[in-house]
Structure formats: structure tokens, C-alpha cells
Amino acid sequence: MGIKTRIRAWLAAGLTIGLLATGSSAFAEDWAQVEAGAKEEGALLVYSTTSRTAKAAENFSAQTGIAVEVVRLGEQDLIQRAYQEAASGVNDVDMIVVEDWVAARELLSNTGYFVNYVPPTAEKLFAERHKNPLVLGFINRVFGYNTDKHPDADPLVSVWDLTTEEYKGRVMIRDVAITGEHQNALTEWVRRSDELAAAYEKRFGKPLEMTEANAGLEFIKRFLQNDAIIMTSDTKITEAVGAPGQDNPPYGMFYVYSKHRDVPLQDLRVKESRQIDPTLGYYYPIVLQLSANAKHPNAAKMFMEYLGTLEGFAPWGDSPGVYSPNPNQVPFEGDMPLAWWEDHMWSYDLDFAAANRGLVLDTWLKYAQR
Amino acid sequence: MRTLYSRIYLGLTPQRVLSILFLIVLAYLVIVPLFLMLRETFVVHPLERFQIPGSQVGDLTWAHWQRNFFSENAYAFFYRPLLNTLKIAIGFSLLALLIGGTLAWLVVRTDLPMKGLIANAAIIPYIMPSWTLALAWITLFKNQRIGGDQGIFTALTGVATPDWFAYGLIPITITLALHYFPFGFMLIGGALRNIDAQLEESAELLGASRFTILRRIVAPLVLPAIFSTFLLTFSRGLGTFGTPAFLGGPVREFVLSTSLYANLIGQRPGIGYLAAVVMIVLGVLVLYMDHKIIGTRRSFVTISGKGARAGLVALGQWRWPVAALVLGFILAVIVVPLCALVIDTVMLRPGIYSWDNFTLHYWIGDASLTVGLGTGEPGILRNSQLMSALGNTMMLAVVVALITGILGVLVGYAIVRMRGTWVSQALDQMSFLPYLMPSIALGAIFLAMFAVPRGPIPSLHGTFTLLVIVCTVSYLPYAVKAGVSAIRQVGPELEEAAVMVGASWWTRMRRILIPVQKSTYFSGMLLPFISVTRELSLLILLVTPATQLATTITLRYTDRGWYPYTNGMVLLLVVIVVSSTILSRRLMGTSIAKGLGG
């Protein structure tokens, strides 16, 4: 990637800002053209990391008559494929629904291969910070415990509890090495080391003594040295934490809260911690981006518009732990609204995450083996 | 004799022309990807630049190599996972050989009852994804460490399993061996089938004990097949990821493929591909050993002009106990996991095993948002997307099996009959290289190579043809290994006789070389066939909505925990593969009664 791509990236960024600056009146005029154009373009191709996009696409097609093909890909596969294809000049895909925005931004957005677009509903209703990049929804990941063992109160006070003798060999996490979002989230623990260190002092009444460079990396070390259990699936973690009839159930760290959808179905005794200091877990966006060379740009724009509406978001709305930036979205029963989670959880800083996730991964790999 | 022999090769004989053609094609499909991958390990990628002070994206660097091999943390990053990988790969390959070889010997060379059943059942573990066995192990032997429901063993006996038995290197080794033993079963079975029983009978007459016969006659004759099997399983073991991650994580034991996946997911492909390069180098070392040991020996001709049928070893009083043992084994590693899959597809609400929870909803139900998991998907058999993906998979598998089958015979012929020339060596080694490349890396490289037209090659992006090419290249080693060991066993005098009566090369192939060894070729085709049906990471970057495959389409169910659909698709594949195997064995006359297709 040379100077040319850099220039292209800056141009793309400039263009986006320009588009945003033109304001919503210009938007309203354009939209009729978008709709007219979409009808003529025909089938749209979408790569998506979330399988529910296929359901949303079906609903969208039924309503508009515009066909949408959805290919489901894992995070890394999607970024890799979109990047390789764009770099080779293959422009089949019109739009992506992508996670791990830290990596996607580097490879797909900063290179100018994909651009941001803000459709009318998002323009009107979404908070500014959810417009660029355009967010389909947020996912949150939580700490959880077994309610048979802890029927009355949430046992988790501080994240540093997980590094104590009491929790030795009892905390499960999906392998950070194979979970890009975990790597991003832990960079925030590095960035906010002071808060993390303060949380330690608050919990134990003495300052944190470190052998690592900062409290974030120190946590990773101590957490792993406390015999953490590394799993490969959030589903398995939720089941393991919540299965009834356990003497000594494990605790879950950073598993997707949406797995709580299955709690009544499987009679699981699991609850998320809502008081653990300094963060209840983390949340991150699922991002929508338009190919810079889309063959069906208008159809893609219409689909993006649809996904910002309550109806379009419906396939994601049937479980806790997934939140539309559309403020009219009613939280799932028992869940809190997005704004509440944003106040109680950390997310991550894109630039800092890009620069430091290698460090986080290396620290993890260094201590992951016993 | 010598002159007649060499007359076959002089001039522009078909096999010479073919060899040169194969060399050119393989060079493009093998050497280019290898070079591209190696290059990546010297380049700074976007997210890597932050850890390499002063670097720009695209710069050349030694940093990845330095980090992996010489840095302060090199032991944790590289050497320790490498040691684990070697322990697992060697351990499970030997175990798989032992199981596969023993079963093959029992089925082919003894009067064991129920051979047909055993022969067909023995390929099933390889059809099922390897996670089914890993999952079965955990369900059986897990202890409190990973929480959840009790393990079955503990529930029955009240004895808690120790961590070292429930998780880590030991279960990884055992479950991988149980997954890959069909390789040995097929390849060694094929070789055993062709041993002239007269050799054994003569030895017996001379007073050799059964063990001596096994050691001095049978073992050397099947040695090439044994080495091929070891090479194939060992190389697969180097790159395998799912099972080690699943069983190793709870006790925090990791392998080299973790390094590959972690760094690809961490967007540090330079470091990730380095792990792949190491895997390839290890594979090449084993390949080299194989050549040193097998390549220098020439005494493997077992099919001569004289006809001889293999006699069977009588197991005597051991016949039924051995049969019971084998059946018990099959029950444990095949029937039980299969039944577990079946049960999961007929439980309306997962994990609740009672009769009123029984349903066929996930097989034949209507799309519904209120029944069971509320998937809004029609049942598997009525799901047109699933069915068309299954159709694509089978089509791909058949096409790839046929092409690799034919290429395997031709390349194998060229390698054996041109032995000693550089062409033979180059063909042999190059045809094996793609097998050593971790599929996750190979898929990405092929995507880049074929996205745009290059020279005479048009852009194959998104085409079915590309899937065929990728699979053919990747699974060619199975067919070539089968081809080489088959042709090596056929004595040149058969061909010489044919040459004397004026038979053309084509006639010799058609009338002699293919018919006498068809069951070996058949197993050389069977492995690519099965492998295609379960391939995911190689093809995930290359499929389009029109070319969706059974494995790629079920991804959308896996991430939502809709296992009835995933498991149902696995079952359908098992049924289709097993029945088409039986059918084609009948059609091709490589019937099990004669010994088992190979």
C-alpha cells in the first residue's frame, strides 16, 4: 500500500465529510433518485458477519422487490475477502455488514475500497457518533455468574476479583487469541490503565504492584496466571456457567449477552453482573459500509436505510444484547437500553486499538500457556 | 531386457509430454502460491506497522522472523506450541496407523466375519467433522473444571476424571487418531490386498512363525503405504486447528495452528503465515524422509504376471472375540457419535431428552418463528437453499474425485516409470506441496491469484471451476500417493509383454495398469471425494451465493446455536457419502468381498 492509496483514503475521508456537511435537505431530494435507481439495479450482494442479515434481506425483498444475496462470513474471512477482491478490482460485493471495525477500517475504509453512507432515517435519528461509521447495531459482552450459587446478590464487585484465589481456575473466556473484538476491548484496558489501577486500590485498599508496563497488561497476566479457562465458544461458556445443579460453577468473562436469549429455553441459571467495577464488559459496533465501486449503490443505500428502521432491525431485536442506534428501539424484555450500557461499559478507541492490539495479543500469547 | 524397458520412455512418449505439462501447471498452482506466502512473511502489513518502529506498510522486514525465532518471548510464541504440535502430530499419526493398519489387516487378510459392515463403517469417522469426536470426548469425560452438566463417565462411576485425561494433549491425540485412521485403513488395505499369498505360504512352509511372516514379509511390502499414510496424517495434523483449540484451551495447551489463526485474526498475516511456512517445512522434512527410506528401495513389485489370489489367515478361536472387539470399537467411535447427532436433530428444544420433546420439525417442518428454536427456517429437507448447497457439494466432490483420480494415475505413472529422473522427483514433490499448505492460507492466496485475468488464464473469480481447481490441487496428493503405490506394485514385465505384442501406451493403461489396481485408485479418489464434502476454510473465501456449499451455508446456523440444522447436514453428508461409496464400489467391481476397496 503506497502513497496512492493514502491519497485515495484522504480523498474518501474528505468526500464523506463533504457529504455530511451538505445537510439533510439535500438528502431528501436525493432519496427519490436513490429509490428510482435502486429499482433498476437489481440484485444486491452483501457480505455479512451476522447471519440475521439474511432474514432482514428476505423481509426487505418482500417489501421492495429488490433481491438481496447475503454471504455469511466470519470476521477475519470477510475483511480478507473484501480486501483481496477490491485490491484485485473485483467489485461484486455492494455492501458489507462487518465487525472488528478496527481491522476493517485499516484494510477497507482507509484504503478507500469502502465508504461510509448515512441514509435518511439514520441521518435524522441516530446520534452523531453512530453515523460515521454507520452503525447497524451494538453488541455487548458481559461477565456472568450462576444464580443457584449466588441467589441473592451479584458476587462480582471488581474485575480484579477475577485475579484472586477465590476465582482461581473458575473463570472462562473465549480465547482472546482468536477473538479480534476481545483484542480491541483489552486495548481499552491499557488505555485506561489509571482507572483500572484505581479500581484495584478501591477493591483491596492498596496500590497495584506491577511487573507489566501498565494495569491493563498486568490484568491480562494475573488473570491468566490465576488459571483462567480458555474456551472456543460463547454458547458453551453460557451453558457451563448457567447449568443447574453445580456445586462449583464457573464464571464467564466477555461472553455475548445475547446468549441469554436461550436462558428460559434451556433452563439456565445465569445472570450478568451489573455492578462490576470499572466496566460491565464491553460493547462494539456492527458497521455498515458501501463499496466504493458498488454496481448496485442505490439498492445498497436503500437496504442500509431499511436496516436503520425498527422494522429492518427486527431480526436482531428478538434477543437481549443487541441494540439499534435508532432511539425508538425498545429494549428486549429485562434488558437495558443502549444508552445505559454506554454509561456502564467501556468500548474502545479506534486509533489506540489499532496501534496497541498487537501488544495485547502478544501479552496474551506470552501468558496463555501454563 | 534393459533396452526394451527403456524403449518405453525414449522420445516424445505420451507420459513425457504429460509430465512436462503437469510440471508447468503444477508450477503455477503450487510454486507461485508458495512464493506469495513466503513473501508475506517479509512484508509489513497495516496493523503490523505499529509494532515495528519506523516502518511503513509494504516495507520489507525481518521483524516477523526475529519475533518468532529469536525474540525474548520466542519460546512462548513459537517453540512451545511447536513442541506440542510435534507431540500431537507424531502421536496421533502413529496411533492412527496402528488402528487403521490393524483393521485393514483384519478385514483384508483374515477370515473375520462381517467384513462388509466393518469396511464401510470404517470410513465414517473421516466423513464426520473432527469436532464431533472432540465434542463426544468432552461429553463423556469432562470434569468440573469446565462447568456445565456432569460428564457421562463421572455421572456413571462417581469418579472425577483428572484434567490431563479430560483435556489437553492426550485427548487431542486420541480424537485426531480416531478421526484420521480411515486413511491408513484405506491405503494400507489397498496394499495388503495386492500381496501375493504365495510369499506368505512359502514362508510358512519354511517354518516361519506368523509374527515373523508379518515382520519379514507383510510389513516390508506395505511399507510404502505405511509411510504414505504417516505422511498424509502427520501433515494434516500440523495444520489442524479446531480440535486442539477446543480440547487444549481448558488446560491452556496450544499448538502451532493457534499461532496461524491468532495472527490472521489479529490482522498480522506476516506472523501468521510464518507459522504456515514452518508447517510446510516440517511436512517437507517428512516427505524427504519418505523419499530416503522408500525411494531407494525397489523391491515392491507384488503384482507379477503370475496370477495369485490372496489366501486368508484363519483367526481360529480368536475369530469371534476379535470381531466383537472391532464391533465394539465401531460402536464407540462411529455409532455413538452418529446417534448423538441424530438425537440432536429430533429434539424440539435442545438438551431436553424426553419423548414429548421429540420432533421432525428440523427435518420437514414449516418455517416458524414460534416452534422450538424459533428459527424461521423451513426444515432441512424442505429448505431449498440447503438442498441446492448440498447439490453443489456433491457435484464438486464427484468432479474433483474424477479429476484427481485420473491425474493420480497419470502422475503416479510418470513418477514411477521415470524414476531417477529429475522430472519424476519434481512431480512427486510438487504434487504434494499444496497438501502441506494450511487451507486457510491457500484459500486466501488462490482468491488473489485468480481474481483477475493473468496471461492466458481468465478471471475465474466466483466460478465453480475455481472451486474445482483449488480442491483438485489441494487433494491431488491423496490420488498421487495412491497412484504411485499402485503402479510401484505392478511389475514392469506386464507392460513389457504388452509392448511386445504392440499395445499402445493408452491400451496398456486401459487394459493393464488401471484394471489390476483399480481398488487402490478407487481409494485414492475416495479421499478427495470425502474431503471435498467437508472442506470449509479452503473454500469459504471463494464461494458465491450461486456456489454455496453444504459446509459454508451451515455457518449461518452455527453462530446462532441452531445445531439441529448443522448436525442434520452432517448426517445427510454421511448418508450420501457412504451410500455413494458402496454403490460405486459395486459398479466398479471393487467389491468388499474381495478385500475392501482399498
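Predicted model: local features only at pLDDT ≥ 70, side-chain atom pairs only at ≥ 80, totals over all residues.
Let me begin with chain B. Its assignment gives three domains: domain 1 covers 2-30 + 383-594, domain 2 covers 46-302, and domain 3 covers 346-380. Between domain 1 of chain B and domain 3 of chain B, the C-alpha centres are 39 Å apart. The contact of these two domains draws on eight residues from domain 1 of chain B and nine residues from domain 3 of chain B. Which helix gives the most to the domain 1 side of this contact? The answer is helix α26 of chain B, residues 563-588, with five residues. By class, that side of domain 1 of chain B holds six nonpolar and two polar residues, and no charged ones.

I turn now to the contact of the two chains. Here 55 residues of chain A meet 51 residues of chain B. On the chain A side, helix α15, residues 350-368, gives the most, with nine residues. The chain A side that touches chain B comprises 24 nonpolar, 17 polar and 14 charged residues.

Next, the interior. In soluble globular proteins, nonpolar side chains tend to be buried together. In this model, the largest nonpolar core has 287 residues. Which residues have the most contacts inside that core? They are Met95(A) and Phe303(A), together with Ala276(B) and Val470(B). Leaving aside residues up to four places away in sequence, Phe303(A) touches Leu44(A), Phe60(A), Val68(A) and Met95(A).

I close with the backbone, starting with two cis peptide bonds in chain A. One runs from Asn132(A) to Pro133(A), with omega near 5°. Pro133(A) sits in the loop between α6 (120-125) and β5 (134-146) of chain A. Another joins Asp277(A) and Pro278(A), where omega is about 5°. Pro278(A) belongs to the loop that lies between β9 (270-272) and β10 (281-291) of chain A.

There are also positive phi values to report. Asp227(A), which is not a glycine, has phi near 60°, and its place is the loop between α9 (215-225) and β7 (229-231) of chain A. Is Asp227(A) buried or partly exposed? Asp227(A) counts as partly exposed because it has 15 C-beta neighbours inside 10 Å, whereas a buried residue would need 20 or more. In chain B, Arg252(B) likewise has a positive phi, near 60°. Arg252(B) occupies the loop between α13 (242-248) and α14 (256-265) of chain B. With 18 other C-beta atoms within 10 Å, Arg252(B) is therefore partly exposed.

Methods:
Residues numbered from 1 in each chain as written. Chains lettered and ligands numbered in written order. Domains from an automatic or database assignment. Contact = placed C-beta atoms within 7 Å. Helix = DSSP H or I, 4+ residues; strand = E, 2+ residues; numbered from the N terminus. Nonpolar A, V, L, I, M, F, W, Y, C, P; charged D, E, K, R; others polar. Core = buried A, V, L, I, M, F, W, Y, C linked by C-beta atoms within 7 Å. Buried ≥ 20, exposed ≤ 12 C-beta atoms within 10 Å, placed from the backbone.
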